[in-house]
Amino acid sequence: MTAGAYQRAYEKSLTDPKSFWLQAAAGVEWEVPPTRALDDSRAPLYRWFPDARLNACANALDRHVAAGHGDRTALVYDSAMLGATESFTYARLLDEVSRFAGVLRAQGVDQGDRVILYLPMIPQAVIAMLACARIGAVHSVVFGGFAPREVASRVRDAAPTVIVTASGGLEPNRRVEYLPAVDEALRLSGHRVRAVIVAERDGFAHDRSEFDGAGSDGAGDAVPWLSWTEEMAGATAVDPVPVAATDPLYILYTSGTTGTPKGVVRDTGGACVALTWSMANIYDVGPGQVMWTASDVGWVVGHSYIVYGPLLAGATTVLYEGKPVGTPDAGAFWRVIDDHRVDVLFTAPTALRAIRKADPEASLLAEHDLSSLRTLFAAGERLDTDTYRWAAEHLQVPVVDHWWQTETGWAICVNPRGLEALPIKPGSPTVPAPGFDLEIVDGSGAPQASGDEGNIVIRLPLPPGTLTTLWGSDERYVSSYLTAFPGFYATGDSGYRDEDGYLFVMGRTDDVINVAGHRLSTGAIEQVVGSHPAVAECAVIGVADALKGQKAVAYVVLKSGVDVEPEDLQRQLVGLVRQEIGPVADFRTAVVVDALPKTRSGKILRKTMRQMADGEDYVVPSTIEDPAVIDALQPVLRPEPRTASERA
Ligand code: COA
Ligand code: AMP
């Protein structure tokens, strides 16, 4: 780590990106090494390392075992829900992954086929992801908190050959039943898979035969529901299949502005190069060190830094099944750091706020030895300054905010600790990572002066490891991200840079909201709320929430003549959103109003409503249809006056 190292790396990555990334590519083991960095012949669609071949699983596992490190710990599964821990050496993980790859093969999964994984935080989730990568199949993990309808939309889009699930998940106040959910998702999707493979969990005694036949295409052919344990017992290990660097490693669906999720496609070579580079240069984690990313494998953070990043680096990764609080208490994170001698923790600010709320003085820290911890990274939402200060004061390690998205796969802006520890400015994720050429522009694409807020855009091409397209639709990729500002990728976030070039991310410019670090589409929630027979129209907005960052609140106008108690309606709508989108939406509030503010062309003024609810200054557009609606809404949206700290 040397002073100026960041600036040198950043400049080189922009002035000579090809040699910068070819050099970074040397950190990866290739079957056929790249001789060319970038194929720009189909711009704005770019492909990194177009003539190279590799296997991501071989890079994550085989190469470390072949180098004599098979005895090192690859994965520690720590379940606060079960009070149990299990460790996997690189050799053991390689054995299980190779055999599960054989199980997938035996079910007809081939290179390029998709496999949907809908699992809780258990080792089988990691094993199944790596097994897909081993045979060149494309995994698509669906977060366990999504309802069957959301799983179904992903099944329809990805058309998987096989689904891998578990007999059950454990949440603090309930058990998650995956089998009926998969059964319903298959029925809703109308798609037929060759098999559903079920990882059995103790305590979930499901009779799989109950579900045999689900997802049949009407011809009545039964879809077999297979036991993970039984299939593994007779499985043949398979070798890694080298794939083109440009072949997809995975699809990860994320919320857009509409109800239809976007299937972000990550290519194999780009992901391996960028994640390997980031482990050394951003997280400063190398072989034998321990990284704990307290997220879920269903999110991009989990893909990159529970699974691929740490294993590519030959480090130990911790897979934690539990919550920051209540499993059993707000000392859970400190216990895990202590038990597994964690070097680097990566979590969402919401988790820190939850711990702080339960234990404001961090008194439970005294019960644990945190001397192994070097750095705390936070992402998923803005790290507010209060939470930053609390964590920095109590943990006495650098607390590093970094900003990224499902689409980018790794940090767009960060304090690259492995390269150079830059000064931390609370509230800022610091500076652009090498490869990300940021601009702040107004709505017409004109660059903004430092200090002026605008759309954050990234000049094309994006660096390796970012999305290459949306599954099945280059057009949707181009129209969603590359059209608003030609030559740039539109992040959908707004912000500004200060005079030192530090970025401040202020929030989304679209209808995406962030609840407890989980990305949700207000449009999708609106679709569900609007489907209730009593609802004439509705607007769902993300309102500031002290614990979860934002919460989704629906404002509904009733159909004329409808007579329903507001509490009853709220209960029904909450149930409907839970059933259709899932508990992850954490939707709890629906308010009946007389009218919604609209422009004369009929567009609901959601931004103005959010600003009113959050106590921000707002300007009512001159195109408003009826200004009186705003006056009537004021006491509903903002019943409490602004607090002194909000006014400050
Ligand atoms: N499978 C099934 N259900 C799930 C789930 C999963 N994997 N994850 C969450 N849910 C459910 C919860 O059980 C809860 O359901 P309930 O309404 O029946 O209680 C609902 O979804 C909301 O869950 P959650 O967001 O966890 O809220 P909470 O109030 O239980 O906990 C926090 C609050 C702050 C502790 C929790 O949100 C948290 O740990 N946040 C950090 C999130 C994070 O790491 N995000 C990753 C982004 S990088
Ligand atoms: P996701 O794709 O789920 O990772 O969500 C990405 C979105 O979360 C970004 O577009 C931002 O709006 C928000 N986000 C993630 N990390 C940060 C951060 N460090 N600061 C501010 N916003 C963030």
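Analyst: Happy to. The shell around ligand 2 divides into six charged, five polar and three nonpolar residues (Ala, Val, Leu, Ile, Met, Phe, Trp, Tyr, Cys and Pro count as nonpolar, Asp, Glu, Lys and Arg as charged, and the others, Gly among them, as polar). Please keep in mind that this is a predicted model, in which local features need pLDDT of at least 70 and side-chain atom pairs count only at pLDDT 80 or more, while totals for chains, interfaces and linings use all residues. Residues are numbered from 1 along each chain as its sequence is written, chains are lettered from A and ligands numbered from 1 in the order in which they are written, and side-chain values use heavy atoms, leaving out hydrogens and water.

In total, 14 residues surround ligand 2, with H402, T406, D493, R508 and R519 the closest (a residue is near a molecule if one of its heavy atoms lies within 4 Å of it). Several polar contacts can be followed here (pairs of N or O atoms within 3.5 Å). D493 has a side-chain N or O atom 2.5 Å from an oxygen atom of ligand 2. For Q405, a side-chain N or O atom is 3.0 Å from an oxygen atom of the ligand. D401 instead faces a nitrogen atom of ligand 2, with a polar side-chain atom 2.8 Å away. On its own, ligand 2 has 490 Å² of accessible area, and the protein covers 92% of it (areas come from the Shrake-Rupley method with a 1.4 Å probe).

Now for ligand 1. Here 25 residues form the surroundings, and the closest are E171, R174, K323, K548 and R578. By class, the shell around ligand 1 divides into eleven nonpolar, seven polar and seven charged residues. Domain 1 (5-322 + 402-493) and domain 2 (516-647) both contribute residues to this shell, so ligand 1 lies between them (the bounds come from an automatic or database domain assignment). G144 brings a backbone N or O atom to 3.3 Å from a nitrogen atom of ligand 1, and a polar backbone atom of P583 is 3.4 Å from an oxygen atom of this ligand. R174 uses its side chain, where an N or O atom is 3.0 Å from an oxygen atom of ligand 1. The protein covers 86% of the 940 Å² of accessible area that ligand 1 has on its own. Two elements give two or more residues to the shell around ligand 1, namely β10 (174-176) and α12 (349-358) (helices are DSSP runs of H or I with at least four residues, strands runs of E with at least two, numbered from the N terminus).

Finally, the backbone. Most residues other than glycine have a negative phi, and most peptide bonds are trans. Against that background, A43 and P44 are joined by a cis peptide bond with omega of about 10°, and P44 sits in the loop between β1 (38-42) and β2 (45-48). T327 and P328 are also joined by a cis peptide bond, with omega of about 0°; P328 belongs to the loop between β17 (316-321) and α11 (332-340). A159 is not a glycine, yet its phi is positive at about 45°. A159 is found in the loop between α6 (148-158) and β8 (162-166).

Methods
Polar contact = N/O pair within 3.5 Å; in protein donor to acceptor, adjacent residues only side chain to side chain.
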